[in-house]
Amino acid sequence: MDKIMKIGMGIHGERRLNPNYLDYVKQIGATHVIVFMPDGDLLPSAKNGGVWDLDELKGLCKLYRDKGLVVEGFENFDPKAYYKILLDEPGKQEQMDNLKRNIENMGKAGIPIMGYNFS
């Protein structure tokens, strides 16, 4: 089996939606991106730890695809989405269920990797 190397880059902050920056990422040879912390600035449905809307995820993938890039994964969750889990507070099961739905929606949108760190 042939192994394929993917040239990727992590993207965070306001750069995640900056068309000029995405052009730069492509120009330096990257083909794939890891998008850091999908929050309400990136996905409106993520405000206050909400469940990521499938159409928003697909739209984000299209934005990157139109720039010649593939969203290979997301890195981390917004802390608003998991602080009750981390602190063992009431409402932790709802947050866990929401995180599961986020991962399911990522899969449906074609985003294969979720990196996380609940520290």
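Guide: Partly exposed means a relative accessible area between the buried limit, under 20%, and the exposed limit, over 50%. Keep that in mind for this predicted model.

Visitor: How is Y83 classed, and on what relative accessible area?

Guide: Y83 has a relative accessible area of 36%, so Y83 is partly exposed. Y83 lies in helix α3, residues 83–86. With L86 and L87, Y83 forms a nonpolar patch on the surface. Together the three have about 280 Å² of accessible area.

Visitor: What describes a pair of aromatic rings?

Guide: The distance of the centres and the angle of the planes. This structure holds three aromatic pairs. In one of them, the ring centres of Y21 and Y24 are 5.5 Å apart and the planes stand at 40°, so the pair is tilted.

Visitor: Where do Y21 and Y24 lie?

Guide: Both are in helix α1, residues 19–27. They sit three residues apart, about one turn of the helix. Y21 has 15% relative accessibility, so Y21 counts as buried. Y24 has 38%, so Y24 counts as partly exposed.

Visitor: Which residues do ring pairs link into a cluster?

Guide: W52, F74 and F77.

Visitor: What pattern does the protein follow along the sequence?

Guide: β-α-β-α-β-α-α-β. That is four helices and four strands.

Visitor: How does the radius of gyration fit a compact globule?

Guide: For 119 residues, a compact globule would have a value near 14 Å. The protein has 15 Å, which agrees. The C-alpha trace spans about 45 × 35 × 25 Å along its principal axes. Of the 119 residues, 38% count as buried.

Note on methods: Residues are numbered from 1 along each chain as its sequence is written. This is a predicted model: local features need pLDDT of at least 70, side-chain atom pairs count only at pLDDT 80 or more; totals for chains, interfaces and linings use all residues. Side-chain values use heavy atoms; hydrogens and water are left out. Rings of Phe, Tyr and Trp (its six-membered ring) pair if their centres lie within 6.5 Å; planes under 30 degrees apart count as stacked, over 60 as edge-to-face and the rest as tilted. Helices (H or I, at least four residues) and strands (E, at least two) are DSSP runs, numbered from the N terminus. Buried means under 20% relative accessible area, exposed over 50%, partly exposed in between (1.4 Å probe, protein chains only). Patches are made of residues with over 30% relative accessible area and no salt bridge: like charges are joined within 9 Å, nonpolar side chains (Val, Leu, Ile, Met, Phe, Trp, Tyr) within 5 Å. Accessible areas come from the Shrake-Rupley method with a 1.4 Å probe; for residues, only the protein chains shown count as cover. A salt bridge is a side-chain nitrogen of Lys or Arg within 4 Å of a carboxyl oxygen of Asp or Glu. The radius of gyration is taken over C-alpha atoms; the globule rule is 2.2 Å times the number of residues to the power 0.38.
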